[in-house]
Amino acid sequence: MSSTFGTTFRISTFGESHGVGLGAVVDGCPAGLELSAADLQSQLDRRRPGSNPLGTPRDEADAIQILSGVDQGLTLGTPIALAVLNSDQRPGDYAGMADAPRPSHADYTYRAKYGHSASSGGGRASARETLARVAAAGIAEKLLGQWYGTEIVAWVSSVGAINAPDLVGSGLTRSAVDGSDIRCPDAETAAIMTDEVKAARSAGDSCGGVVTCEIRNVPVGLGEPVFDKAEALLAHAMLSIPATKGFEIGSGFSGVTMRGSAHNDMYEARDGGQLGTVTNRSGGVQGGITTGESIYFRVAFKPTATIASAQESVDFEGKPVTVKGAGRHDPCVLPRAIPIVESMAALVLADLALRARLSQVQQ
């Protein structure tokens with residue numbers, strides 16, 4: 001099993017949804033970075049279960065503990081261990097479900113690969129695993145903010161067939177995104193999306209959608225062609241998030257409808273002797289290397305696999321069985337996915353930034 005992400009700024013996560021707790025070990029963070037638990041807690045609070053009325057009723061404090069690697073408020077350059085204890089786990093909710101794989105969950109594939117699987121809540125396949133990523137990414141965000149003033153803001157841009165206006169380049173803030181429970185900053189669209197999620201929940205069903213993310217104040221030159229291109233690592237990071245089914249950057253799939261003469265980003269002179277582009281259909285990356293323009297991309301999330309309605313399936317022996325969702329779940333993962341998308345983007349850019357600085361030192 002691969003539970004480590006990154007090359008120079010590396011994180012290794014651990015823990016299960018209904019176990020004692022979860023956490024991460026961060027290696028490669030430079031010494032001397034000001035860091036406290038409060039720097040990590042804000043994103044954990046946005047992600048935590050019980051924080052959003054549209055989400056799961058599971059209620060966790062998700063209070064982060066820094067166990068090592070920080071002394072007197074400064075990182076030591078040694079591994080930083082982070083931990084969160086579970087307090088509202090209910091493995092008993094899953095009693096009697098061990099004999100049949102839940103539709104569109106990892107129950108069957110984990111058992112086929114490893115010979116057995118977690119008895120409750122999906123284990124490592126549960127979205128609760130992302131708590132550790134978000135905690136570790138708080139360090140990455142602090143690093144990027146100190147070095148470049150980088151800002152990462154994601155928002156819900158569609159739920160089902162409901163689409164918000166294009167808000168890329170509008171200077172959105174996280175506080176604006178958090179202005180609605182659905183985390184869509186367009187008030188009119190947010191109200192319609194909220195009704196859609198509530199209707200799905202009332203019907204014992206679920207819905208999916210798209211998260212858009214914009215990263216501002218990105219330096220020129222991050223990315224390691226040919227296999228560790230910036231957009232390739234972002235795609236890797238985003239598609240490692242549970243429930244994701246698609247990724248596109250810049251003009252994405254819509255760009256194929258354009259001709260090159262309309263799609264090309266023309267260069268212009270900027271203050272300080274640098275170049276910039278008049279348009280940004282590339283999404284802030286060309287040739288796998290950041291251009292200095294804002295990076296923007298979209299991530300598709302499927303409807304939540306756990307639903308309250310009964311479904312006809314088969315058990316592990318191939319015998320017909322009726323499966324009905326157990327435990328507590330989100331009817332739509334999108335609102336709580338926002339800090340997860342932001343966090344994975346931060347981990348990618350922090351790793352690339354450190355790799356770039358290491359390369360410069362070696363030269």
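# A strand, a helix and a pocket

Student: Which strand holds V323, and is that residue buried or exposed?
Tutor: V323 is found in strand β18, residues 320-324; strands (E, at least two residues) and helices (H or I, at least four) are DSSP runs, numbered from the N terminus. This is a predicted model in which local features need pLDDT of at least 70 and side-chain atom pairs count only at pLDDT 80 or more, while totals for chains, interfaces and linings use all residues. Residues are numbered from 1 along each chain as its sequence is written, and side-chain values use heavy atoms, with hydrogens and water left out. Buried means under 20% relative accessible area, exposed over 50% and partly exposed in between (1.4 Å probe, protein chains only), and at 8% V323 is buried.

Student: What does V323 touch, not counting residues up to four places away in sequence?
Tutor: Contact means heavy atoms within 4.5 Å. By that rule, V323 touches R102, P103, S309, A310, Q311 and S313.

Student: How far apart in space are V323 and E312?
Tutor: Along the sequence, V323 and E312 are 11 residues apart. From C-alpha to C-alpha, the distance is 6.2 Å.

Student: Why is strand β7 largely enclosed by the rest of the structure?
Tutor: Strand β7 covers residues 80-85. It is largely enclosed because, of its six residues, the number buried is five.

Student: Which residue of β7 stands opposite A24?
Tutor: Two strands pair if DSSP finds at least two bridges between them. Strand β3 (residues 21-27) pairs with β7 in the antiparallel sense over six bridges. Opposite A24 stands L82.

Student: And which one stands opposite Q65?
Tutor: Strand β4 (residues 65-66) runs antiparallel to β7, joined by two bridges. Opposite Q65 stands A83.

Student: What covers the buried residues of helix α1?
Tutor: In α1 (residues 37-47), the buried residues are L40, Q41, Q43, L44, R46 and R47. Their cover includes β4, β7, α3 (130-148), α4 (174-177) and α8 (334-362).

Student: Which element gives the largest share of the lining of the second largest pocket?
Tutor: A pocket is an open set of points on a 1 Å grid over the protein atoms alone, where a 1.4 Å probe fits, with protein on both sides within 12 Å along at least five of seven lines; lining residues have an atom within 4 Å of a point. Of the 26 lining residues here, the closest to the centre are D166, V168, T212, Y296 and R298. Elements giving two or more residues are β8 (151-159), β10 (209-216), β11 (244-249) and β16 (295-301). The largest share, four residues, comes from β16.
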